[in-house]
Amino acid sequence: MDQKKMKVKVYDKIILTNDTFMEEIVDKLLFVKLKGDKEDTIFVLQKDNIVCPKCESDVKPCGSQVGGKRMYKCKKDCCGYRFTPSETLPKMRHSIKEVVKGLRYYKEDKISLLDVSDILRDEKVFISYNGIWKWDKITTNILKALINAFEFQIEKEKNETKQIKDKDLKFLVKNIKFLVIHNKLINYMLQKKMTTWKQLEEKFGISKSTLMRRLQTTELIRSINCNKKYLTLKEIVEKNANENGIWRADNVVFSTLGTLNSTIVNLVEKSESGMSMVDIKNYLNTSPKQNVVDLLEEEKITCNKFGHKHVYFSLTKSEEQIKSRINIEPKCTIKLDAKDVKFAAQKVGERVRNIVKDAIEHVGIKEGDISIVDVLMEMY
Ligand SMILES: [Zn+2]
């Protein structure tokens with residue numbers, strides 16, 4: 001798939017009844033890819049209701065049919081968009097019908113990818129096991145959009161074909177259930193910004209392991225402090241992070257890099273003059289002593305002592321960082337020269353003189369009688 005984002009838009013509701021076969025649903029679909037500056041859109045149409053993917057106006061067929069594909073032209077004068085809807089998804093050479101069939105074998109019947117590839121070959125559909133795996137990844141978005149467009153009109157009616165149809169519905173419902181819960185989880189997390197596994201378990205009544213399975217394809221980030229208790233979506237952290245990839249929500253800290261260790265390495269790397277434990281602690285709102293010890297052992301960062309303080313440096317930039325650190329670290333030993341000594345002594349002398357003067361005055365010797373003070377001062 002492209003790096004560009006792919007949006008899926010389904011035109012109109014897809015009506016599902018108890019009599020609808022899965023094959024019928026997907027057989028009715030056509031796809032048009034609309035290129036955009038920032039994202040491309042897959043426009044999903046139904047064969048019996050083709051409209052212009054740009055302005056949703058009526059269309060008329062134009063040109064001749066080439067290879068079973070027909071070109072359409074928008075009837076609206078100001079638009080006039082020409083397009084050729086396809087039964088296959090962009091970048092896929094297989095029809096959606098074949099894709100869904102393969103995915104059913106794989107997901108519903110739990111047949112291994114290698115065996116699905118074999119079965120499909122017998123049915124004259126040629127795809128490698130790796131290709132089926134890719135189908136699964138590519139179609140997730142499409143299925144999700146389709147499912148949002150589904151409208152159920154289920155009547156309870158018994159007839160001969162019910163069993164097969166039930167199975168079709170079961171597959172759909174299973175996928176729907178899966179995706180609906182997934183959507184609900186994501187919406188909840190987007191709304192709450194951050195949550196905990198426990199909150200999710202309580203809110204959705206699902207165990208943590210099931211939640212984790214549901215969120216398998218979603219990029220989650222756990223807080224790097226608070227014992228990794230808090231959970232959020234990577235997209236939320238990326239949206240809110242500062243230049244160091246850090247997002248603080250109250251006292252909880254998240255990092256776009258995910259783990260505390262990689263975050264510390266990154267901060268130390270980027271710092272101008274290394275980072276002390278206090279620097280790291282203040283920045284990340286956690287005391288990662290053991291992590292720092294591990295990182296030193298793994299030789300991901302290096303350390304120098306300034307007085308009693310340990311400061312951590314990048315492996316590659318430590319020389320510059322140490323130089324810069326020396327300038328900001330308060331001096332721990334002061335070398336005194338003769339001038340300093342004389343100045344210090346003078347200060348001490350002044351103070352003693354004042355103390356003696358106060359003491360003498362206190363015992364009643366007159367102010368004017370300076371000579372005694374002078375005598376005493378000479379003794380000093
Ligand atoms: Zn149009």
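This is a predicted model: local features need pLDDT of at least 70, side-chain atom pairs count only at pLDDT 80 or more; totals for chains, interfaces and linings use all residues.

Biologist: At what angle do the axes of α9 and α11 cross?

Modeller: Roughly 70°, and the axes come within 10 Å. Angles of 65 to 115 degrees count as roughly perpendicular, so α9 and α11 are roughly perpendicular to each other.

Biologist: Is the crossing of α9 and α11 left-handed or right-handed?

Modeller: Right-handed.

Biologist: Now α3 and α4. Where are they, and how do they cross?

Modeller: α3 covers residues 113–122 and α4 covers residues 129–149. Their axes cross at roughly 105° and come within 8 Å.

Biologist: Which residues make the contact?

Modeller: From α3, Leu113, Leu114, Val116, Ser117 and Leu120. From α4, Tyr129, Ile132, Trp133 and Trp135. Eight of the contact residues are nonpolar, one is polar and none is charged.

Biologist: Switching topic. Where is glutamine 321, and is it buried or exposed?

Modeller: Glutamine 321 sits in helix α12, residues 318–328. Its relative accessible area is 0%, so glutamine 321 is buried.

Biologist: What lies 2.9 Å from a polar atom of its side chain?

Modeller: The backbone oxygen of valine 268.

Biologist: And what is glutamine 321 in contact with, leaving aside neighbours within four places in sequence?

Modeller: Val268, Glu269, Ser271, Glu272, Ser273, Gly274, Phe313 and Ser314.

Terms used:
Residues are numbered from 1 along each chain as its sequence is written. Side-chain values use heavy atoms; hydrogens and water are left out. Axes are lines fitted to C-alpha atoms, for helices over the stretch in contact, and angles run from 0 to 180 degrees between N-to-C directions. Helices (H or I, at least four residues) and strands (E, at least two) are DSSP runs, numbered from the N terminus. Contact means heavy atoms within 4.5 Å. Ala, Val, Leu, Ile, Met, Phe, Trp, Tyr, Cys and Pro count as nonpolar, Asp, Glu, Lys and Arg as charged, and the others, Gly among them, as polar. Buried means under 20% relative accessible area, exposed over 50%, partly exposed in between (1.4 Å probe, protein chains only). A polar contact is a pair of N or O atoms within 3.5 Å; within protein, one must be able to donate a hydrogen and the other to accept it, and residues adjacent in sequence count only if both atoms are side-chain atoms. Angles under 35 degrees count as roughly parallel, over 145 as roughly antiparallel, 65 to 115 as roughly perpendicular and the rest as oblique. A crossing is left-handed if the near helix is turned anticlockwise from the far one by less than a right angle, and right-handed if clockwise.
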